[in-house]
Structure formats: structure tokens, C-alpha cells
Amino acid sequence: TLFLDRIDSANPGLNAFITVDREGALAAARAADARIAAGTAGPLTGIPIAHKDVFCTEGVLTSCGSKMLANFVSPYDAHVVSLLKEAGTVMLGKTNMDEFAMGSSNENSHYGPARNPWDATRVPGGSSGGSAVAVAARLAPIATGTDTGGSVRQPAALTGVTGIKPTYGVCSRYGMVAYASSLDQAGAFGASAADCAALLTAMAGFDPRDSTSLERPREDYTRDLDHPLAGLRIGLPKEFFGPGMADDVRAAIEAVLAEYRKLGATTVDVSLPNARLAIPAYYVIAPAEASSNLSRFDGVRYGHRAAEYGDLADMYGKSRAQGFGAEVKRRILVGTYVLSHGYYDAYYLKAQKLRRLIAQDFQAAFARCDVIAGPTSPTTAWAIGEKSDDPVQMYLSDIYTIAVNLAGLPGLSHPAGFGAGGLPVGLQLIGDYFAEGRLLNAAHRYQ
Ligand code: GLN
């Protein structure tokens, strides 16, 4: 009950949880006790966890931060959730998020913004803001999230915790409410790289119900945590150290890189010439996929249905108009536009080509280094309301994270000291495909 009691006292101020499942948690804790007594416990048996509200959880509200799903109690568990249940984790509840994972500040939630525990007038980042806040405020030791364009790494950075997004296909997307399917990937939050490694080990694995899930042997990501860093080549892309970065973030990142050199790593300059095109490419591809994925919310089988309507088309129209928030509608409109006849070649196809170039840039860089490092976010946490009326400013806050999703690579953010006003800064480490273990090792040795 330690974490449940902490949630009771702190959550009203932080708004990290949409649902707290006290009864379910206590029952799961008793089952974990029984497993421990029987000697059949695994490494996560009895460990409390919070799940982002994008993951389907059997018998528990799965709202995805939306009014559209505010009445949706899932009849089944996401693959990630069932793996973590089998591992013996104890789910405390479901965390706040931007509606359908669209956002970088958690302000797009139907349930109101989650608040940054370092300064409650500031955003925690997004879209997995609630999970980041839960771990940062020690309302849960570990939490799940999803990262389509930075939604694990960026809130981890802004709240001073560690977050990892694995290679695309490592975790199953089954039961994860879809935003942009070719980019969506589950990820892990923890207070340390070691905690993230333990969590990722339990949640990764092949699942035939997701056609993009990769059929690979399961890995133990905790195995190489202590590996020495001597000889590690850290690539510094000049595009990530340009004028966009705030001075306090730059100073914190430089200090961490100096520490890495002391640990025996060397730094090399690399270039990702097409990285500047990541945001425009992403804001074509992600809305295109979202417009298709979100067509299932029609008010017929589940989700919000308007109370009054005329014919079927009117029911669809009114249900969707009432159920979706402004940012979600914006993305559906953009997505429908870029996929429409006559514009497909000009926008969608172009964006796919950029995506390929961006992935090739990373491969060229990894010929010269083992990991790539840079800031996770160009600034520290901003004030609630500061960017919420300006979508483009909001989109630019993901400038360092989005290219990683377009390339399908693993990325991690770990605490890198503090900027102005004592607000956390995150260092992003990017690895080649399946280099999760190396990223966690580099973060662990630094911490
Ligand atoms: N901020 C980005 C967006 O709004 C990324 C979100 C995410 O990774 N889910 O799309």
C-alpha cells in the first residue's frame, strides 16, 4: 500500500493517473506474495507498475486520454500488459496522456494536464506524461509508455527519469491503441537504467498477433549493464548541437559528455544531413496513419456515441465531433488531405522517401560510432499553456527525437543534470538496431 498511499496524497496535485485500481493492485499483490512464498517468483514479481492508458487492460478503463474512449473498459490485455502480468508485476493504475498519444506536453488530455513534479506550473512533456510523472514523483517505481515521435524519451527528459524506446518491432503493438502504426513502439520508464532494463526484459518479445513484431529470441537487457565504457565511440551529430538548443541544456549536455570521456569513451563528430527534414516528414506520415487508424471510432461498436442524431452518417459525424479533441481532429484532417487523390505523390510518397534518407544517414553515422548522443529536448519543461495555442511550436519540441522513430532505431533518455531553475535535462542516446543493451549499459555506467 506504500505506493497506493503516495498516489492518494500526491495524485490530486499531479494528475498523473486517470485510473487508480486499488482493489486490483491489492489482489495482484496477494498473488505475488503467494508466488514468493511458493518459490516461483521472477525478477519483477510483486513490483508495482503503472501503465499508460493507451494499453488495453482487461476489466479496467482504457481511455487513451480521450472522451471518445472515456467509457471503454477493455475486454482483453495488451500483449505487453499480459507479459508484465505473467512476470508478477502489480498494476497500480493507468496514467494520463495526450489524447491518442498526440502531443508533447500532456495538455491534450481529456482529463486535464499532468503536472511536472519539479514545478507543478510546468508541463511534464508528452504524450506519456502521466507515466513519467508517476516515476519521477515515486508514485510508481516503473511505468510503461509508448513512443511514436518521442513520447517516452521527451517526458523522461523533462521529469528527470530514464526512458527507453526499443527498436521498432521488439515489443508487440497488440492491444496498444494505434496512433501511427509504422512508428508506434512501447517503451519503459524507470528511476534508473537498471530499472528500465529489467522492465524492458519482461515486456519485449515476439507476438504473432502483431504482424510487425520481430521473431527474435528474448533478451536479458540487464546482462551487460556493468560493461566498461572504455573505447566506446560516441557520435555527436552536428545537426543536434545547432542553434536550436537552449544554453542551459547545452551546458548540461557538455558536462555529461565530459563525464563520458572520463569513463573512457571517445567522441567523434558525425552528421545526419537529412535530420532537419524529420519533423515535416513525420507530420505527413503520422497524421496519414492516424487518419486511417482512427476511422474505427465511429460510435457503433464501442466508444462515445452522440445522444441525439438523425441517420447513420449524422451519428458518425456527431459522435466523432463530440468524442475527439482539437489536436486529434487537426491530425485526421491533415492525414486525410495528404492521402487524398492528387496529393498522395506530392506529400505522402515524398515523406516516405525522406524517411528512407534519414534511416540511411543513421547507418552512415553508425559506421563511425557505437552510439549517438545529443539532447533529448531543446529546452527544459515549459509552463503549462505556453505552447498550447501554437501547434508548430509544439511540434518543434520533438526535433531531436522524431528521426529515431522514422528510422525505427532504439533511443533512450537519461538524466543529465539540471538547467536553469533546477529543471531536469535529458541526454538522448541512440543506438543501431537492437543495441538496447548497449544504450542501457552506457546510461547505467554514467549514473
Ligand atoms: N509529440 C509527437 C506527436 O504529437 C510524438 C507523440 C508520440 O510519440 N506519441 O505526434
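In what order do the 11 strands form the open sheet? The order is β1-β3-β2-β4-β6-β5-β10-β11-β9-β7-β8, with mixed pairing; strands are DSSP runs of E of at least two residues, helices runs of H or I of at least four, both numbered from the N terminus, and two strands pair if DSSP finds at least two bridges between them.

The model is predicted: local features need pLDDT of at least 70, side-chain atom pairs count only at pLDDT 80 or more, and totals for chains, interfaces and linings use all residues. Residues are numbered from 1 along each chain as its sequence is written.

Select β1 (17-20) and β8 (266-270) next: each stands at an edge with a single partner strand, so one side of each has no neighbour in the sheet.

Proceed to β2 (48-52). Five of its five residues are buried, that is, 20 or more other C-beta atoms, placed from the backbone, lie within 10 Å of their own. Pro48, Ala50 and Lys52 point one way, Ile49 and His51 the other. In a regular strand the side chains alternate between the two faces of the sheet.

Display the partners of β2. Five bridges join β2 to β3 in the parallel sense, and His51 has Lys94 of β3 as its bridge partner. Two bridges, also parallel, join β2 to β4, where Ala50 stands opposite Ala143.

Continue to β4 (residues 142-146), which runs antiparallel to β6 (residues 186-190) over five bridges; here Thr144 stands opposite Ala188.

Finally, select the ligand. Its shell comprises 13 residues, of which Ala101, Ser104, Thr148, Gly149 and Ser151 come nearest; a residue counts as near if its C-beta atom, placed from the backbone, lies within 6 Å.

Key
Contact = placed C-beta atoms within 7 Å. Axes fitted to C-alpha atoms, helices over the stretch in contact; angles between N-to-C directions. Buried ≥ 20, exposed ≤ 12 C-beta atoms within 10 Å, placed from the backbone.
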